[in-house]
Amino acid sequence: MSLWYEEEWSGGTRFSVKIKEHLHSEQTPFQRLDVYESWDYGRFFSLDGYIMITDKDEFVYHDMIVHPAMAVKPDIKKVLVIGGGDGGTVRELLRYTTIEKIDMVEIDERVVRVCQEYFPVTACGLTDSRVNLMFADGLVFVRGAQEASYDLIIVDSTDPIGPGEGLFTEDFYRNCFRVLSADGILVNQNESPYYDHNRRELERAYKKIKAVFPIALAYQAHIPTYASGHWLFGFASKQRHPVEDVDMENWKKLGLETKYYNSSLHYGAFALPTFVKEYLK
């Protein structure tokens, strides 16, 4: 009998993955965590029944949550990562020699420890000397952080339910604005525009960010194991526009080898379909 992992994307749509083995399962103080070995996607883990990363397509998410901002502001030195327990975001940030410090605030220590055991490819940078790993509530941390203390904030969180709910509030975005430097950037995962329940959260988050930051845009990526495969990220900044103020020639000189992101795709990612533009008006 075949063993299948099944995830509900909407009331009428489910996504299924044939798996070889259920490797790990536990209820952490915050959420249900499961690790699987699959035929098509390699290892993957889920939180409360939603896939977070897979071996096969994690590079898409981590390329797109890091490299666009780094191309727009190449002098970033101090970064705050909220969430990101699998370590992939930190891994990509560490490829930039300009970065001096990464504070990573993850609410659930068990996510980090399980990923260090089962996903060493993404978690490989978490012991780097530039990384300060803290297990705390990101909402509380930002509220108490010093003004203008970071050049980049990346909110690599779960969906706006459970432990990640507070990271989608206007109060949180205002505190992010306060602790960013004069031309600092905020990047966050921003849901799918395809299914109604995801779209509603996308619209709410975008509206709140737009009320705080003078520059606020969405950009997109194709992530096959996320609901609909069409996923959005948010880019917000005090001064820098992600298309008008980017110098892709400087980024290309770094010689970074990426599997998804590239200089042409940077511009295309911000060219949204008409129906998404309508939602974000």
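Strand β6 (residues 78–83) pairs with β7 in the parallel sense over five bridges. Two strands count as paired if DSSP finds at least two bridges between them. Helices (H or I, at least four residues) and strands (E, at least two) are DSSP runs, numbered from the N terminus. This is a predicted model, in which local features need pLDDT of at least 70 and side-chain atom pairs count only at pLDDT 80 or more, while totals for chains, interfaces and linings use all residues. Residues are numbered from 1 along each chain as its sequence is written, and side-chain values use heavy atoms, with hydrogens and water left out.

**The parallel strands**

K101 in β7 is the bridge partner of K78. Between β6 and β7 the chain passes through helix α2 (residues 88–93), and this β-α-β crossover is right-handed; that is, with the strands pointing away from the viewer, the path from the first strand over the helix to the second runs clockwise. Strand β7 (residues 101–106) also runs parallel to strand β8 (residues 131–135), joined to β8 by five bridges. There, D103 has N132 in β8 as its bridge partner. Five of the six residues of β7 are buried, where buried means under 20% relative accessible area, exposed over 50%, and partly exposed in between (1.4 Å probe, protein chains only).

**The antiparallel sheet**

An open sheet is formed by five strands in the order β1-β2-β3-β4-β5, with antiparallel pairing. Strands β1 (3–10) and β5 (50–54) are at the edges with a single partner strand each, so one side of each has no neighbour in the sheet. From one strand to the next the twist averages 45°. Within the sheet, β3 (residues 32–38) and β4 (residues 43–47) pair over five antiparallel bridges, and V35 stands opposite F45 in β4. Helix α3 (residues 109–118) packs on the sheet, touching β2 (13–27), β3 and β4, and its direction makes about 95° with that of β2. Axes are lines fitted to C-alpha atoms, for helices over the stretch in contact, and angles run from 0 to 180 degrees between N-to-C directions.

S46 lies in strand β4 and is buried, with a relative accessible area of 1%. D34 is twelve residues from S46 in sequence and 5.3 Å away in space, C-alpha to C-alpha. Beyond its neighbours within four places in sequence, S46 is in contact (heavy atoms within 4.5 Å) with Y5, R32, L33, D34, Y36, I51 and M52.

**Aromatic rings**

The whole structure holds 18 aromatic pairs. Rings of Phe, Tyr and Trp (its six-membered ring) pair if their centres lie within 6.5 Å; planes under 30 degrees apart count as stacked, over 60 as edge-to-face and the rest as tilted. Two edge-to-face pairs are tabulated here.

| Pair | Centre to centre | Angle between planes |
|---|---|---|
| Y5 and F44 | 5.1 Å | 70° |
| Y194 and Y195 | 5.1 Å | 85° |

Y5 in strand β1 and F44 in strand β4 are 39 residues apart, so named as a link between distant parts of the chain. Both Y5 and F44 are buried. Y195 also counts as buried, at 13% relative accessibility. Ring pairs join Y61, Y219, Y226, W231, F233, F235 and F270 into a cluster. The charged end of R199 sits over the ring of Y279, 4.7 Å from its centre, and that of K259 sits over the ring of F59, 4.4 Å from its centre. A charge sits over a ring if NZ of Lys or CZ of Arg is within 6 Å of the ring centre and within 35 degrees of the ring normal.
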